[in-house]
Amino acid sequence: MKTKGNCVARKPKVGMISLGCAKNLVDAEIMLGSVLQRGMEITSQPEDADVLVINTCAFIDSAKEESIEAILEAHQQRGLNRRPDQKLIVSGCMSQRFAKELRQEMPEVDAFVGLDQVSELGAIIEKLLSKRRTLNAQRSTLNPDSSTLGVDSSNGDVGLAFADRRPTYIPDYDTPHFRLTPAHFAYVKIAEGCNHPCSFCVIPQMRGKHRSRPLQSVLAEIRGLVSEGVREINLISQDTTYYGMDLWPAKAGRHPIDSTRGPTLAVLLREIQEIEGEFWVRLLYTHPAHWSDELIETIRQLPDKVARYIDIPLQHIDDVMLGRMRRETSRSHIENLIHKLRAGIPGVTLRTTFIVGFPGETEAEFASLLDFIRRTRFERLGIFKYSQEDGSRAAKMPGQIPAKIKSARYREAMSIQQQIAHDLAYEKVGSELKLLVDQPHIARSEGDAPDVDARVVLSEAAPVGEFVWRRITGSRGYDLLA
């Protein structure tokens, strides 16, 4: 260990504030894994960190605002805590997309890290800390020919070439992770990027084309997690139902899903079923365009391992709106798919999201959506107010809806769903449910994903991280009592 005089060199401490979705959380886990691999320490106290990383989200305006506030707050706190030497790094989607602009407007940030560099954060921090101290605001212009790690050799600044290209990185089963979830559940990213042309979304521009992890890589990671005692595996990607199709020997394109042509989500689930241990697998972020009869039948056949829970963002139901959104689906396809899911997977919980106030949405089109929500009675439903994203097709569309109308439509849709959810929760009273315990008196059913869905409040404490069976005795709002 290096020494200076009589002082032993201390390992740098790295803190992380991760914002946004579960996919971003996995990126944070990989970044912290690379930090540990380099022999640094991780701290949960930002004020103790020698290097603080803000892992940002840029999906919608409110997420960008939250990210910017977190960056400014972190800079303010290092002044209040008298930590002027603390380095501030910004990573994640906002860094990938807006790094060059932020570099000019936020000189207080010491480095920006792109999505292709998540596994290299430890090396980036080493280079940053080894450079002479210099004010970011006085640094020279960006070096477009910086090294693979993006660190300028003269002053520790980070080159921003990644802001001009789409990422290609995907993690592997042996990529170092530092888990940020509780010990009993984990998120496993099975693919990265997205091929869909949705007009409201810029994720393909930020995260690149869809690229699946090899089947054996995903299985190896899940085996490792189960061996560590994980009881819930949440499979995530931008489009989980497209998993494997980009790996087919012959290009899949928009053809129907067919497991005889290569790996698919159905094949992955059947392989997961063979892993020993008591756990369940949950599917998040499934696109309605890529569901197949085979996948529905596979889930029906594997009730002991695959949770009867389908997260399927639909965004709208009116055909004109679906066309404007470029969702590559139709009302008839969606209604038929929902019928197949409920008929083919008895007891399934359907979770979806809709966008209200999309450009040009008429009162009639909104009324059509409300009618669909009333009739379909989704067990879990979220509403987003349309966010005008620069760089998206929808941002330039005529007929942008005023914020006041979007808010009113949001409230009306959510009030309908609130009553539906309360009624469905009441219908569970008297049933026996298998629950995964998150806290001594808080658990979740297979119909509840972590962080976004309802809970089951336990009258008697249960062991955290274990499965228990309990009789539902009542309901309180969205939550159940047992």
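Predicted model: local features only at pLDDT ≥ 70, side-chain atom pairs only at ≥ 80, totals over all residues.
**Exercise 1. Describe Arg326 by its place, its accessibility and its phi.**

Step 1. Arg326 lies in the loop between helix 9 (319-325) and helix 10.

Step 2. With a relative accessible area of 32%, Arg326 is partly exposed.

Step 3. Arg326 is a residue other than glycine with a positive phi, near 55°.

**Exercise 2. Determine how helix 7 and helix 8 are arranged, and which residues meet.**

Step 1. Helix 7 spans residues 265-273 and helix 8 spans residues 293-301; the two pack at an angle of about 15°, with their axes 9 Å apart. Axes are lines fitted to C-alpha atoms, for helices over the stretch in contact, and angles run from 0 to 180 degrees between N-to-C directions.

Step 2. The angle makes helix 7 roughly parallel to helix 8. Angles under 35 degrees count as roughly parallel, over 145 as roughly antiparallel, 65 to 115 as roughly perpendicular and the rest as oblique.

Step 3. The crossing of helix 7 with helix 8 is left-handed. This term applies if the near helix is turned anticlockwise from the far one by less than a right angle; a crossing is right-handed if clockwise.

Step 4. From helix 7, Leu265, Ala266, Leu269 and Arg270 meet Glu294, Leu295, Thr298 and Ile299 of helix 8. Contact means heavy atoms within 4.5 Å.

Step 5. Sorted by class, this contact of helix 7 with helix 8 has five nonpolar, one polar and two charged residues. Ala, Val, Leu, Ile, Met, Phe, Trp, Tyr, Cys and Pro count as nonpolar, Asp, Glu, Lys and Arg as charged, and the others, Gly among them, as polar.

**Exercise 3. Carry out the analysis for helix 8 and helix 10.**

Step 1. Helix 8 and helix 10 pack at about 25°, and their axes are 9 Å apart. The two helices are therefore roughly parallel to each other.

Step 2. Helix 8 passes helix 10 in a right-handed crossing.

Step 3. Helix 8 contributes Asp293, Ile296 and Arg300 to the contact, and helix 10 contributes Leu337, Lys340, Leu341 and Gly344. The contact of helix 8 with helix 10 has three nonpolar, one polar and three charged residues.

**Exercise 4. Describe how helix 10 and helix 11 pack.**

Step 1. The axes of helix 10 and helix 11 (residues 363-376) come within 13 Å and cross at roughly 10°. Helix 10 is thus roughly parallel to helix 11.

Step 2. Arg331, Ile334, Glu335, Ile338 and Arg342 of helix 10 make the contact with Ser368, Phe372, Arg375 and Thr376 of helix 11. By class, these residues divide into three nonpolar, two polar and four charged.

Step 3. His339 lies in helix 10 (residues 331-344), and it is exposed, with a relative accessible area of 55%. His339 and Thr376 are 37 residues apart in sequence and 9.6 Å apart in space, C-alpha to C-alpha.

**Exercise 5. Characterise the surroundings of Thr56.**

Step 1. Thr56 belongs to strand 5 (residues 51-56). Because its relative accessibility is 0%, Thr56 counts as buried.

Step 2. Not counting residues up to four places away in sequence, Thr56 touches several residues, including Asn24, Ser67, Ile71 and Val90.

Step 3. A polar atom of the Thr56 side chain lies 2.7 Å from the backbone oxygen of Ser91.

Notes:
Residues numbered from 1 in each chain as written. Heavy atoms only, no water. Helix = DSSP H or I, 4+ residues; strand = E, 2+ residues; numbered from the N terminus. Buried < 20%, exposed > 50% of the residue type's maximum accessible area, 1.4 Å probe, protein only. Polar contact = N/O pair within 3.5 Å; in protein donor to acceptor, adjacent residues only side chain to side chain.
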